[in-house]
Each structure stands twice: as structure tokens, then as C-alpha cells.
Amino acid sequence: MEKLTSWDALKNYREKTCGQTSLLCVGEQDANRVVLAVGEATCGVAAGAKKIADTLQEEIDRLGLKNASIIATGCFGYCYAEPMVEVRMPGKPSVYYGYLTEEAARDIVVKHLVHGQLVENNVLPVEVNIP
Amino acid sequence: MSEKAAQVRIALRNCGVIDPENISDYIATDGYEALAKALFSMTPDEVIETVKKSGLRGRGGAGFPTGIKWETARKSQSDVKYVLCNADEGDPGAFMDRSLLEGDPHCILEAMALCGYAIGAQEGIIYVRAEYPLAVKHLQLAIRQAEALGLLGDNILGGDFSFHLSLYFGAGAFVCGEETSLMNSVQGGRGEPRIKPPFPAVSGLWNAPTNINNVETYANIPQIIRNGWEWFRQFGTEKSPGTKVFALAGRVNNVGLVEVPMGTPLRTIIEDIGGGIQGGRRCKAVQTGGPSGGCIPAEHLDTPIDYESLAGLGSMMGSGGMIVMDEGDCMVGIAKFYLTFTAEESCGKCTPCRIGNRRLLEMLTRITEGEGRMKDLDELDILGNIIKDTALCGLGMSSPNPAISTLRFFRDEYEAHVRDKRCPAGTCKKLVGYKILEDKCMGCTVCARNCPVSCISGARKKVHVIDQKRCVKCGVCHSKCPFDAIARG
């Protein structure tokens, strides 16, 4: 990596890497990307998040969904509902799923990612204001 | 994301949102923008002035104004100064710092570099528990990534300012969360506190001026610098601006990490965010501040959360542990649990803490075992206050709080233990016994099948009997009996 040597360089870096982060940018770069953010802090891992992430990946591979990727985030604070995953699609509000089992994980890939339907039983009401 | 949401996330804004192992994710959320803004458009004094005006107070628990700490460290003349981060989270049940370090490590790095620029330090150390392997891994990775991009190290972003960060692993002693003990530990000495003053900002690590803040305090800094102090002050109260992160645990339905504006009533956290008490039972008390805090009874649930209100109730903000208790929790037992912890963790340097806490624990143990005397209750209060007044460091000065506050609000429960030899919550094993009521027992065998030590006997459809000698008083039979035929007393 090349060192950033000015404030402008930092700003340029921010724009340049926009399409490579787990946060979807508005615009063409990310128009078709889907990101599944699995909470993999110590609490999530203890609740079985690694297995859920593996299951999601297997299902994505099986269905050949090339635009979907899985990232590991930290703790979202909803420990009671771990393991959980946030489904990010461009231009749509995030959907948070909790109390995941391997079966529910497979359901999310098939129903939500492929058919655009919610997996109702696992949807979490998330009310958080990030100013 | 709801605008009316009870939770407002400033410190936790990236937690669970970004990929903590990818610096581009952090930069995409305006990461390191505050550092660039400070380095290229603000003087160190302006940075300190912004932090001062924001009214940010130490989130480690004591609530000292952060800006004044920084200013003192800046004014101390020295060639070498240090920036320390206290990530030695040790309260039982608290995990705010761990989640922050695991979920958003770069934010702490950026804040420490900002502090270094403000006070004139070029070196920083994060004192992190070795028991937090994932936090350590993410911090190490974050430091390497930031150095590779020129956001840490020599000549940050091509300017004149250089700042180097390293980690120091704590071995898990609770007292090392006290700042002077922590610095002794970093210097290779025993984790023992020393008398203040001199304060670390004047003479700290290796006798150099040192600024030390808690993880959550630092987590607020980049946003205060980037958005300005007026922005920060729109949250929270006049005397306690901003938000506070709590690790919500105990008998609530939704345990987890919450961040609310200061001044939010305890009730909002427990009922709205926490989803109420499990099994529809009633809240009895809330413990805040861990081993240094106290129990706040349910009638004070409308108290707004800020440093002064909690201190007024004999508790404290603490680092942010919040344990909710219901009717099944014994207040004397809770006080004994915390005293057991602090007596164990006392470093032994000063007499009030080393011996006083031991005596407090003995009294509490006597009371929970039915051996207590009425004068123990008065002595508990007197000795507790003597320890608070005379102990050397924050550990001893706050360790009697759990006992003093439960005695203040739940004296009747203490008296029941002493006078009636009875534990109203039914958790003190020496004071509890289980008996099968002959007129109610249907002989369904549920209790006998569930007893972990097989001490209940009886034929089907015949009255069952508990062998009192072998009974371990676990209470499983009492909770499993479908006919309420097992009495506790």
C-alpha cells in the first residue's frame, strides 16, 4: 500500500475504495452487490456465527450468486438474538435477521436473495439512531 | 433506522456495521477525517478547546472532564509524553470495551493520535486484557494497516506530526484498571496504585506527563472533532453531554449492548430496549457500576441516567455494567457476590481495603448463613464508610458500595436474614429448605425425575418425600412441580 501524504490523498482514497468496502455506496459501482454482514465478535462466535457464515457461503456457492458476499462485522449489540445477519442491498433499507439456525440461513439465501421475500420468523425489529 | 429510537449510537456507530479488519471500511465512514482535520486546520489548543466545550466526561466511571485532563497534560512541560488507553475492562458482566475494540479498532487509534497531537505526545500504548484475543488481533491488524497507509507512524499524512502506537497486555488483575496501577504494570512493576497527586497528567508513565482515558471516552473523540462540540452537546444533559454505552444483563428479555443519551430514565432501558423482565415478573432492582456501584431499587427507575443522579442514589455510572434483578434475586447475596470479587482482587497495599473488605465479606457471609447479628448491620455501614474514606485507590474507595447501597434500600431483607433466619428471595442455601405438601402432592413423579441428586422418593400416585440430608437445595423440584406442592421456607 502506498502511504497517503495529504488530506486530499485521504479523500481520494475514500472515493477510490468505495466499491470495495462492505458498505454499499450509492451509484453504479455497487448497483448489483449484496452484502451479508454476520456479527462475528466474541459474542456472535460463541453463539455459533462461524457455522452460520459457512452455511450462508455454501448456499451462495450452490446457487452461484456471484454478486453476494459475506463479511464479518463486530457486535451490533443484539446479543439476545445472536447469531444474526444483516442483509444489505443497494437502494433498500437493511434487513436484520436474528436467532439464526442453519436452516434459517439457507432460507435467507433462497427466499430473500433469490426471490426477494422476507424470512418473517427471523426478522428483528431494529431501532437504532446513528446520527 | 428510526429517528425516534431510544438508542443513539455515537461511540458504537460503526460496531456491527463495518468490517473491523478492513481499514477501507473505516475510512469509508469518514474515518481518519477528524485526524486530518485537526492536523491541517486546527492547533493543538483548538483541539483541546473543542473537547473541553463538548463537555465530554470520562466514560470509565468517575466522570472527570476529558478536556481538562488533556489541557493539564498539554501544559506539563516535558520532552516525552505518553497517551495511554485503558482497555483493562474487568467488571464482571461488562463487555462495552471489548465490543468496541473488536468492532471498531481504528476509531480508538484515531482518537489516541488526536490526543497525542493535542497534548504533544508521540507515543501511545493501549493496555488491553490478554483475555480478549479477538480484540488484540483486530488492534494489531488495525495498527499495521494504519501504519501502511501513513495514518500512524512518522509524518502522518505527510505532515510534521508523528505518533507511534503499541499494545501492552494486562494479565487480568482488576486493580490494573486503576490508572496508577496500570502504569506500574506497564513499567514492569506490580499492579499496585500510588497516592495521587501527582496526577498522571503531570507525572505518569516513566514519570512523564501522561494522558490516560478509557476506551469509550476515546471512541467519542473523532466525532467531536469532526462534527464540532455543538453537535455533541445536542445529545445528553447539560452536565453530562453525549451518550453512554451499557452492557445490559440479568433478568431482562433482550440482553445486549445499548447506547442511550445521558438523561434517559433507567425504565426506558429496561422496558423499551430491554423488552421488560423475563417471564413477566417484576423488576426489583438494577445494579449499575459493577463491583464499584450499587443497587438502585425499582421505585427509582425513573431516575435519569447521569453521573450525579446515580451517585446520589449511592451507586455510580461505572464503566457501564447494568444488571437487572427481579424478585428471585437476594440483595444480601448480590452484595456478598461483589464483595467476594473485590476482596479477592484487592492488591493488599493499603490496610482499609486489604483487611476492611475481608471483614465486610465475613459479616455478609455470616448473614447469608443465618449466623448474623443485628449489630452486624450497623457495623457493616460504619466499616463500609470508613473503607470508602480511607482506602488508597478507587478500588477500595468504591468496593463497599454494593453492601452500603443494598443495606440502605433493602434493610428489611437484611433483617429477615438476621432476625427470622429467612431469605425472602430463597437463594441463600443455608436458610432455605424444601418440603413436599402432603395434601397437594399427586404423586406425578416429576420432582423425583428432575432431582439432580435423586434425593426424592415415592411411588406413582403416592405422596413423595425429600431426603433432607442429601438435598442440595437447588430448587429444581420447586420450579418443576406442576401442582405447587413443594414449599420453600
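Predicted model: local features only at pLDDT ≥ 70, side-chain atom pairs only at ≥ 80, totals over all residues.
Select strand 5 (residues 128-129) of chain A together with strand 1 (7-8) of chain B. Two strands count as paired if DSSP finds at least two bridges between them, and here 2 bridges join the strands, which run parallel. Helices (H or I, at least four residues) and strands (E, at least two) are DSSP runs, numbered from the N terminus.

Residues are numbered from 1 along each chain as its sequence is written, chains are lettered from A and ligands numbered from 1 in the order in which they are written. The predictor gives the complex an ipTM of 0.94 and a pTM of 0.92. Colour chain B by pLDDT, the predictor's confidence in each residue, from 0 to 100: the average is 94, and 99% of the residues score at least 70.

**The contact between the chains**

Next, select the residues of each chain that touch the other; two residues are in contact if their C-beta atoms, placed from the backbone, lie within 7 Å. The selection holds 43 residues from chain B and 33 residues from chain A. On the chain B side, at least two residues each come from strand 1, helix 1 (23-28), helix 2 (33-41), helix 5 (96-103), helix 7 (133-148) and strand 7 (256-261). That side divides into 22 nonpolar, 13 polar and 8 charged residues. In this count Ala, Val, Leu, Ile, Met, Phe, Trp, Tyr, Cys and Pro are nonpolar, Asp, Glu, Lys and Arg are charged, and the others, Gly among them, are polar.

Centre on Thr21(A), in the loop between helix 1 (7-16) and strand 1 (34-39) of chain A. Across the chain boundary, Thr21(A) touches Asn22(B), Ser24(B), Asp25(B) and Ala28(B), not counting residues up to four places away in sequence. Is Thr21(A) buried or exposed? Thr21(A) is buried, because 22 other C-beta atoms lie within 10 Å. The cut-offs are 20 or more other C-beta atoms within 10 Å for buried, 12 or fewer for exposed, and partly exposed in between, with C-beta atoms placed from the backbone.

Then move to Val255(B), in the loop between strand 6 (243-250) and strand 7 of chain B. Leaving aside neighbours within four places in sequence, Val255(B) is in contact with Cys79(A), Tyr80(A), Leu248(B) and Ala249(B). Val255(B) counts as buried because it has 24 C-beta neighbours inside 10 Å. A distance to draw is Val255(B) to Gly275(B): 8.9 Å, C-alpha to C-alpha, for 20 residues apart in sequence.

**Chain A**

Chain A has 4 helices and 5 strands, in the order α-β-α-α-β-β-β-α-β along the sequence. Buried residues make up 40% of its 131 residues.

Select strand 3 (residues 85-88) of chain A, where Val85(A) and Val87(A) on one side and Glu86(A) and Arg88(A) on the other are all buried. Strand 3 of chain A pairs with strand 1 of chain A in the antiparallel sense over 4 bridges, and 3 bridges join strand 3 to strand 4 (residues 95-97) of chain A, also antiparallel. Which residues flank Glu86(A)? Ala37(A) stands opposite Glu86(A), and the bridge partner of Glu86(A) in strand 4 of chain A is Tyr96(A). The hairpin of strands 3 and 4 of chain A has 6 residues between the strands, and Gly91(A) there takes a positive phi near 75 degrees.

**The nonpolar cores**

Show both chains again. A nonpolar core is a set of buried Ala, Val, Leu, Ile, Met, Phe, Trp, Tyr and Cys residues joined through C-beta atoms within 7 Å. The largest has 176 residues, of which Val85(A), Ile108(B), Met112(B) and Leu114(B) touch the most other members. Helix 6 (residues 105-119) of chain B gives the largest share of this core, 11 residues. Apart from this core lies another, of 9 residues, including Cys447(B) and Ile466(B).

**Domains 2 and 3 of chain B**

Finish with domain 2 (243-316) and domain 3 (331-419) of chain B; the bounds come from an automatic or database domain assignment. Their C-alpha centres lie 22 Å apart, and 11 residues of domain 2 are in contact with 14 residues of domain 3. On the domain 2 side, strand 9 (294-297) of chain B supplies the largest share, 3 residues.
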